[in-house]
Amino acid sequence: MGCWWVVSEMVDPSRWLSAHGDALYAYARLRLPDAESAEDAVQATLLAALERVDGYRGQASERTWLVGILRHKIADALRERYRDERRRGELARALGSVEGEFSDGRWSERRPAWRMGAAGAPGGSGAVGVVGDDERREFRRALLACLDALPPAMRDVLVLRELEELETEAICEVLGITPTNLWTLVHRAKAKLRKELTRRWFDREDASSGATSASDTDPSA
Amino acid sequence: MKRLVRATWLVLTLRCEEADRLRSARSADELTPSERLAERVHSALCTSCRRARRQIEMIDEAMRDLRRAADEPGEVAPMPREARDRIDRTLRARRGDSSG
């Protein structure tokens, strides 16, 4: 205990909070479906760090060390959610939901093209249909809002697969589903994201300002 | 020969809905060569599928961009002031318990 006291003299968790709080929060907020869970994960991380501080030998940077703990807290939070039977029920519903995009295997209506801005080419700039930094920031927030609008099970699947880049096997272990179900869920999630993004970004009121009316590579549009 | 027949059959019979499902594969290695070929040929011929395919590619890219952006604090989701204060109080209280 004396040892702990000596170490704790050098540790100021409030400094951690001011130095790394925003970064930890952003990391958690992207991976968890609401502000409250993100806040909880950050708090749990800093509390755990406080308890384990004598295990930190400074080989990694402080930020890396804290993010490492945070990742475990996020994984725990997700695992906990799917241990719950209700969540599993939600997974089953997400798998069974009908998107209404197709009838008899074909698109029920012609897919709308996304209006692209001048810097709209994917790849280089990263963001879609976006001109300038302000609009890029706005687009990222819109994308986050679209993610949050997904049923939680779909959001979680995308997070584990696209952000954490976990292997199929690991994701199935967390969610308690089969690889086939996982793929279906990913597909539904992306289709829904595509729909939400069309509605919230590309078809938004002021979409025509700053964006050319040209569509993607389709010359017939 | 048998494989060629099967691949051709898949190309000819692939419908938009199934093509769209194939598009969600993380990378080529989650698909058989026939599936990959069939999706490509189908999308080359179908306007809606071509758009859908491009939009999925953009979503993948946008997700990667979002992940990168989240490394810059405040860029995607700034921590609310009240949240910071709550956490700070909890940390101080815990620290007081342990060392005091």
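Student: How many residues does the contact take from chain B and from chain A?

Tutor: The contact takes 46 residues from chain B and 53 from chain A, where two residues are in contact if their C-beta atoms, placed from the backbone, lie within 7 Å. The model is predicted, so local features need pLDDT of at least 70, side-chain atom pairs count only at pLDDT 80 or more, and totals for chains, interfaces and linings use all residues. Residues are numbered from 1 along each chain as its sequence is written, while chains are lettered from A and ligands numbered from 1 in the order in which they are written.

Student: Turning to chain A, what does its secondary structure come to?

Tutor: Chain A has 9 helices and 2 strands, in the order α-α-α-α-α-β-β-α-α-α-α along the sequence. Of its 221 residues, 36% count as buried. A residue is buried if 20 or more other C-beta atoms lie within 10 Å of its own, exposed if 12 or fewer, and partly exposed in between.

Student: Which residues have the most contacts inside the largest nonpolar core?

Tutor: They are A28(A) and V157(A), in a core of 57 residues. Helix α2 (residues 13–31) of chain A gives the most to this core, with 9 residues. A nonpolar core is a set of buried Ala, Val, Leu, Ile, Met, Phe, Trp, Tyr and Cys residues joined through C-beta atoms within 7 Å.

Student: What does A28(A) touch?

Tutor: Leaving aside residues up to four places away in sequence, A28(A) touches A38(A), A41(A), V42(A), L70(A) and I74(A).

Student: At what angle do α3 and α4 of chain A cross?

Tutor: The axes of α3 (residues 35–51) and α4 (residues 62–83) of chain A come within 9 Å and cross at roughly 130 degrees. α3(A) is therefore oblique to α4(A). Axes are lines fitted to C-alpha atoms, for helices over the stretch in contact, and angles run from 0 to 180 degrees between N-to-C directions. Angles under 35 degrees count as roughly parallel, over 145 as roughly antiparallel, 65 to 115 as roughly perpendicular and the rest as oblique.

Student: How are α7(A) and α9(A) placed relative to each other?

Tutor: Their axes cross at roughly 105 degrees, so α7(A) and α9(A) are roughly perpendicular. The residues in this contact include V157(A) of α7(A) and L185(A) of α9(A). By class, the contact has 8 nonpolar, no polar and 3 charged residues.

Student: Where is D104(A) found, and is D104(A) buried or exposed?

Tutor: D104(A) is in the loop between β1 (102–103) and β2 (106–107) of chain A. D104(A) is exposed, with 8 other C-beta atoms within 10 Å. Although not a glycine, D104(A) has a positive phi of about 55 degrees.

Key: Helices (H or I, at least four residues) and strands (E, at least two) are DSSP runs, numbered from the N terminus. Ala, Val, Leu, Ile, Met, Phe, Trp, Tyr, Cys and Pro count as nonpolar, Asp, Glu, Lys and Arg as charged, and the others, Gly among them, as polar.
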